[in-house]
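Let's get to know a protein by asking it some simple questions.

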Amino acid sequence: PQSLDLHSDRCLLMLWKFSARQKKQQSFLQSAQMHWEEESRRHINHAINAETEDDDNALRPGDALLNDDLGSNKMQLSAATVWETRFKDPTLPLVIDIGCGMGISLLGLASLNRQEDASCNISSSGKIWAELLDLPHSNNRNFLGIDLSGLAIGYAQGVAHRWDLSGNLHFAVESAEALLQQVSDSYPGPVSLCMIQFPTPYRLPTREEGSGGSDGAQGGNSQLPKSALEGFMVSPKLLDLLRSILSSSASTTKSSPSANAAGGGKLLLQSNCEDVALWMLEAATRAGFQSTDMTVPRTKEQVRALNLDKLPQRTQNWVAMGGDRAVGDTWSAVPLIPRRGSTETEVACRLNETPIHRCLLTPKLNREAS
């Protein structure tokens, strides 16, 4: 029988369904986090008051979860971050997952060297990923996950600790822009890859508002960000920080043989919302990125072969509005990271045969000042 672990399809599909079932996910996570913190306090108080035979092993105030970096204070990166306390070797190239949720992708990638699929036998994604991380030596990279949910980060950091990955994997509760600024200011090594995977989409524009832009106000689900420029995680400021960080990494490649040989870091964008993927690419291009031609690009024939009735309703609406399609050399028809690095959303899309729109970008190192 097939073994069941965190990165099995069954487990990830259950996680995805649990998350998708929440009508008000942010409100739910806040409520769950309060419950989790209350249970943690109860656990600590119970352990403090419990009688123990060995006083040296007694749990005292300040011990327990906080000592395992699971408390919210420990998970936040301060402005004066001492990276040596986060990574065994902070000079190694860094992989960042922005909006990492429960850290499923990074937990898989950081443990690749322990798995059978470390050599990444999927030819198309394997070649690209090997160039990024010099597989199978994933332990020659540091991994950093960032999310605003203390509950999700607490789970991710707990798994990393139990899997003995803490030496090169860390998670933090922080805004993406604040975290990237700290990396830019003080991380001693290069940044080889930043990933933005399946960000919460903004509201889709109505037919009357047109299909040519997503910058204005939108209708639709009131729980989503109002527009691409109001509440959406992938902001122009975030992309500017990413370009600066990934461009700066180019200067370290000559002195660091393990750094990205392409001359700087790369940005991976993934979304199951076609209009969101197109907007992110357009915004990144405006911020000074250039797309990379894919080894296995998505063709017009592949797009025409899709059964429109089986596409998500949002994509159907986008196509009906005359929106552009994610097709051509910029868009990959196959995964760009190993199977074990898939998020729960990516696994659900694969099982449901929902298209995923992926592209890989690099900063324009000679970008003229605007």
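A nonpolar core is a set of buried Ala, Val, Leu, Ile, Met, Phe, Trp, Tyr and Cys residues joined through side-chain atoms within 4.5 Å. Keep in mind that this is a predicted model.

Q: How many helices and strands are there in the protein chain?
A: Start with the chain itself: buried residues make up 49% of its 370 residues. Its accessible surface comes to about 18,300 Å², and carbon and sulfur atoms own 49% of that. As for the count, the chain has twelve helices and nine strands.

Q: Among contacts with a separation of 6 or more, what percentage comes from residues 24 or more positions apart?
A: Contact here means heavy atoms within 4.5 Å. Take the contacts in the protein chain with a separation of 6 or more, and ask how many of them link residues 24 or more positions apart: the share is 79%.

Q: Which element gives the most residues to the largest nonpolar core?
A: That core has 46 residues, and those with the most contacts inside it are Ile96, Leu180, Val183, Ile196, Leu242 and Leu267. Several elements each supply at least two residues, including β1 (94-98), α7 (176-186), β5 (266-271) and α9 (274-286). The top giver, with eight residues, is α9.

Q: How many residues are in the other core, the one with Leu15 and Leu336?
A: This core lies apart from the largest one. Among its members are Leu15, Val95, Leu165 and Leu336, and its residue count is 30.

Q: How many of the residues of β5 are buried?
A: Lys266, Leu268 and Gln270 point one way from β5, while Leu267, Leu269 and Ser271 point the other way. Residues on both sides are buried. So β5 is largely enclosed by the rest of the structure, and its buried count is six of six.

Q: Do β5 and β9 run parallel or antiparallel?
A: First, five bridges join β4 to β5, and those two run parallel; in that pairing Leu193 stands opposite Lys266, and Gln197 stands opposite Gln270. On to β9, where the bridge partner of Ser271 is His357. β5 and β9 are joined by five bridges too, and they run antiparallel.

Q: Which residue in β4 is the bridge partner of Ile96?
A: β4 is mostly covered, with seven of its seven residues buried. Five bridges join β1 to β4, and the two strands run parallel. In β4, the partner of Ile96 is Cys194.

Q: Is helix α6 largely enclosed or largely open, and how many of its 13 residues are buried?
A: α6 runs over residues 150-162 and reaches 18 Å from its first C-alpha to its last, close to the 18 Å expected. Its buried residues include Gly150, Leu151, Ile153, Gln157 and Val159. Just after the helix, Asp164 takes a positive phi of about 60°. α6 is largely enclosed by the rest of the structure, because its buried residues number ten.

Q: Why is Ser184 counted as partly exposed?
A: Ser184 lies in helix α7, and its C-alpha is separated by 7.9 Å from that of Ser244, 60 residues away along the chain. Buried means under 20% relative accessible area and exposed means over 50%, with partly exposed in between. Ser184 falls in that middle band because its relative accessible area is 36%.

Notes:
Residues numbered from 1 in each chain as written. Predicted model: local features only at pLDDT ≥ 70, side-chain atom pairs only at ≥ 80, totals over all residues. Heavy atoms only, no water. Buried < 20%, exposed > 50% of the residue type's maximum accessible area, 1.4 Å probe, protein only. Helix = DSSP H or I, 4+ residues; strand = E, 2+ residues; numbered from the N terminus. Expected span 1.5 Å × (residues − 1). Pairing = 2+ DSSP bridges. Areas by Shrake-Rupley, 256 points an atom, 1.4 Å probe, with all protein chains shown as cover.
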